[in-house]
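Visitor: I would like to learn how to read salt bridges and a helix in a model. Please show me the structure and take me through them.

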Amino acid sequence: MRRSAEWYGGDDRNSYIHRAWMRRGLPADAFDGRPHIAMANTASDLTPCNAHLNEVSRSVADGIHEAGGIALNLPVVSLGETQVKPTAMLWRNMAAMAIEEMLRANPIDGVVLLGGCDKTIPALLMAAASVDIPAVVVPGGPMLTGTFRGVPLGCGTGVWQLSEEVRAGTMSAAEFIRTESSMIRSRGHCNTMGTASTMGLLAEVLGMTLPGIAGTPAPDSRLLEAAHATGVLAVRMVDDERRPSQVMTRESFLNAIVALAALGGSTNAVVHLLAIAGRLGVPLTQDDFDRVGSGVPLLVDLQPAGRFLMDDLYRAGGLHAVLREVRDLLDPGALTVTGEPLVSYLDDAVVYDREVIRARSAPLQPEAGIAVLYGNLAPDGAVIKPAAATPELLTHRGPAVVFDSIEDLHARLDDPDLEVTADSVLVLRGCGPKGYPGMPEVSNMPLPAKLLAQGVRDMVRVCDGRMSGTAYGTVVLHVTPEAAAGGPLAKVRTGDMIVLDVAKRRLDVEIPEEELAARSPSAEASAAYAAPVRGWERLYVETVGQANTGADLSFLVGSSGWTVSRESH
């Protein structure tokens, strides 16, 4: 019996109510066993990267109707990375919880998940995993390449680059403003290998999309064609009872880690994949990213680690062409939502531009995965993306310049009297899940203005927050435990020597163990930590986990299934 039949089947009063209020144009046979498919749609004018998903959903609906299903639009919580304050990550778990509850509470047999901007695909996958009804993702796709004075502009990455040039005095503020409309020239999410692009591609590697759709540019008519086909597929998935728990297995997650490295994907994928796995009960740890991915070569020459942008990747052969290069590293048994293995779709993949997608024998970098660091500054780990770092800084020793909050950073960073050199290590604390709250993308701190003027463009930076997947630099992030959770980062003082050794996977402060233990946490930092008294922020701060476990809420880890035991009337 279909799940929707629990609402619509029968001739009692409750069945009557459920049918009657949905009869507005639907024929009687809509309630006689046809699959009801929700389109969990994150379209919103305030999530500009997802604003086009209403158009995409119409193509999905056409496919559902063609296959004999009933298409139902379900607007869900939408998080615009570029718009919401203090950070979209504060509400990823809330969005996942709200979507989960709506999928469970409504008379639906399956769901098509429409997302694009950074947190929307992770939240949708977390929700679907917790309910475990047939589900398939339609990624909204990247925007087209922007140009300014004949030079390609990568959104996100260009922002970080150009804003630093303004601060360095090599670009005028007026020129900077003129790049706005040039950089963002079409619908779609960031066109660099940022978090949105990364999670859209990894959704396919996890097996959760129609094979071949991920990475299709948002304005490309082929996205609508694939959306239609996804609607057809969603109905078939209900017939076949194919659920997320059957697709997103440990093998699928390990494949995603391989792909993350080969693509040069965002460090944010670590917290998102860990959170999704936690909803499924899949044993996945932070160390798996280093163990499985660290030796994988970087094959995609995309910003921020390279030169090109997402529509270049698509024309060069796309995701499947990249995966074919590392096929021997992929688990051949990992399935997709079609019921067929992921690797079965790689046979016909072709690389059309070897500048964009490198051969395995001639990679952009020989080892490009996420490195996980441990030491007395990060007892539970920290991460760094070597592909986006300056090679010479991956082994470094320098004195700390400590900032107790983001406000402290903004107030003092450009002070001409700030004692800082290119060898210094910038340390920012209070930016973890509990401390900010929400773990914002501030770890890629701006460089001091006086060093920019000297030509410095990278320094070692250490933070318990995140950074945008579009960002670059020698940035150690996700330091756990965070300062606000009692981590040693709270005890570091300006002048302490910080030692980074990525090859040895170490991050330490050169302080005797006894002295570090005896130090009191910074009072200034403690005063700046989040202390909400009500609402979602209070619930979040009191129950959120650390970055090394995915930063989910403790009571949301795991799943509750799709069963609803009681009637509404």
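Visitor: How do the side chains of aspartate 288 and arginine 291 meet?

Guide: A salt bridge is a side-chain nitrogen of Lys or Arg within 4 Å of a carboxyl oxygen of Asp or Glu. Aspartate 288 and arginine 291 form one, at 3.0 Å from N to O. Both residues sit in helix H13, three residues apart, about one turn of the helix. Helices are DSSP runs of H or I with at least four residues, strands are runs of E with at least two, and both are numbered from the N terminus.

Visitor: What should I know about the model itself?

Guide: It is predicted: local features need pLDDT of at least 70, side-chain atom pairs count only at pLDDT 80 or more, and totals for chains, interfaces and linings use all residues. Residues are numbered from 1 along each chain as its sequence is written, and side-chain values use heavy atoms, leaving out hydrogens and water.

Visitor: Is aspartate 288 buried or exposed?

Guide: Buried means under 20% relative accessible area, exposed means over 50%, and partly exposed lies in between (1.4 Å probe, protein chains only). Aspartate 288 has 7% relative accessibility, so it counts as buried.

Visitor: How many salt bridges does the structure hold?

Guide: The structure holds 36. One of them joins arginine 187 to glutamate 55, with the closest N and O atoms 2.5 Å apart. That pair links distant parts of the chain, 132 residues apart: arginine 187 is in the loop between helix H7 and H8, and glutamate 55 is in helix H3. Arginine 187 is partly exposed at 39%. Glutamate 55 is partly exposed at 29%.

Visitor: Which residues are linked in a network of salt bridges?

Guide: Glu100, Glu101, Arg104, Arg279 and Asp552 are.

Visitor: Why is H11 described as largely enclosed?

Guide: Twelve of its 14 residues are buried, so the rest of the structure largely encloses H11. Among the buried ones are Phe253, Asn255 and Leu263.

Visitor: Which helices do the buried residues of H11 pack against?

Guide: Contact means heavy atoms within 4.5 Å. The buried residues of H11 pack against helices H8, H10, H12, H13 and H15.

Visitor: What follows H11?

Guide: Glycine 264 does, and its phi is positive, near 70°.
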